[in-house]
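Here is a short briefing on one structure.

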Amino acid sequence: MFGRSLKEACAELEAELNIAPENSGDTARREIEARAFEIADNLVGLTVAEAEARVPEHQKAYIEQIRRGNEIISPAPQERLQAGDIIAVAGLRGFLVEYASRIGTEIDDRELLDIPVEILDVVVTNKDVAGKRLWQLKQQPEARSVFLRGILRAGQPIPIFPGLTIRRGDVMSIAGARRHVEDVAARLGYADRKTTATDMVYVGVFIFLGGLIGIPALKLGALEIGLGVAVGVLIAGLVAGWLRSVRRTFGFVPESTLWFFDSVGLCPFIACVGISAGPSFVTGLVQSGPALVIASLLICLISHLAALALGRWVFRMNEGVLAGTCCGAGTSAPALAAVQEAAGSPVPTLGYGLGYAIGNVLLALWGAVLVTVLG
């Protein structure tokens, strides 16, 4: 349709936004590591801050600890390096390998490298942080010696690039020395530590409130218009998810529990809908013949083709983001997975979230509206 492949479109946006290629699967290579060096003569007399300033802009490395004689110290940025110092440098592996000779002679100092580290998911709730670009946050003093591993938005990983705007509810996965990670977590918002407990009170309350929202109906003569319990609970779930995204101190539901709800809850619900609709479906199919099947196919195809055409030629959206938006509008996570596999890129996730939220509501609500209007 657009004269180029989905991979080409996603690669163009990745290049435009300076998105690093994504690695998949486990690997023996560690992107972030710490090594010990007896400092070279060119570093003697420099402060820690001056030595770290020599690191190229596209790299990242910090002096975490210094062995001076028999003493191990955690240096301040103004600490001056002395001849014979052995420093523990934490940074990107590529920099440590390429510039090792300029740092000094690498040695194995287990005690010096015994630095407590932590990998922590932090939910952005601080209003002063939300709305800033990623490059602005990296310039903050608290960001020293902390490495960003990934960002989740609406439960989906999003590409990382310097111009990315951080939003409230984003989950930032950070790693580094524990003392630095804790400081950054306090600055960003709430540290979302893993737990196996489910806040069932939170879940139950919102199911109850959703039912109350869906029960009332507006009667206009013989016409009765209402959301219904299913849509009411869906709206309550969306509100609960939003509250959880901005206030992660309550309402925790582990991923395994969500998977259980999705699989054991959603599938039987769809099955029951199919069983109850089976007799009328067969009757309609017999009465309408192939026209019903053909009309269903045309409705699905035309709606998505129209969305693709409008998004590309009217709104000038990138094809990768547009494909993700259509997956969200169709409320289809498997479709998003297929699109990402075809694109070889996470770019489609940028358009998935909003389309999914709106599509979920309309999926449950609009069917009842059409039946009411046409029936």
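How many disulfides does a search of the whole structure find? The search finds zero. Note that this is a predicted model.

**Cysteines**
- C327 takes part in no disulfide. Its nearest cysteine sulfur belongs to C326 and lies 7.1 Å away. A disulfide needs the two sulfur atoms within 2.5 Å.
- C327 counts as buried because its relative accessibility is 6%, and the cut-off for buried is under 20%.

- Five strands form an open sheet in the order 8-7-9-6-10. Their pairing is antiparallel.
- Strand 8 (156-157) and strand 10 (189-191) stand at the edges. Each has a single partner strand, so one side of each lacks a neighbour in the sheet.
- Strand 6 (residues 117-124) and strand 9 (residues 171-177) run antiparallel and are joined by seven bridges.
- In this pair, L120 of strand 6 stands opposite I174 in strand 9.

**Helix 7 on the sheet**
- Helix 7 (residues 178-188) packs on the sheet. The helix touches strand 6, strand 7 (146-153), strand 9 and strand 10.
- The direction of helix 7 makes about 155 degrees with that of strand 9.
- Buried residues in helix 7 are H180, V181, V184, A185 and L188. They sit on the same side of the helix, because they cover an arc of only 135 degrees around the axis.
- These buried residues pack against strand 6, strand 7, strand 9 and strand 10, and also against strand 2 (61-68).

Technical notes. Residues are numbered from 1 along each chain as its sequence is written. This is a predicted model: local features need pLDDT of at least 70, side-chain atom pairs count only at pLDDT 80 or more; totals for chains, interfaces and linings use all residues. Side-chain values use heavy atoms; hydrogens and water are left out. Two strands pair if DSSP finds at least two bridges between them. Helices (H or I, at least four residues) and strands (E, at least two) are DSSP runs, numbered from the N terminus. Contact means heavy atoms within 4.5 Å. Axes are lines fitted to C-alpha atoms, for helices over the stretch in contact, and angles run from 0 to 180 degrees between N-to-C directions. Buried means under 20% relative accessible area, exposed over 50%, partly exposed in between (1.4 Å probe, protein chains only). The arc is that of the directions from the helix axis to the C-beta atoms.
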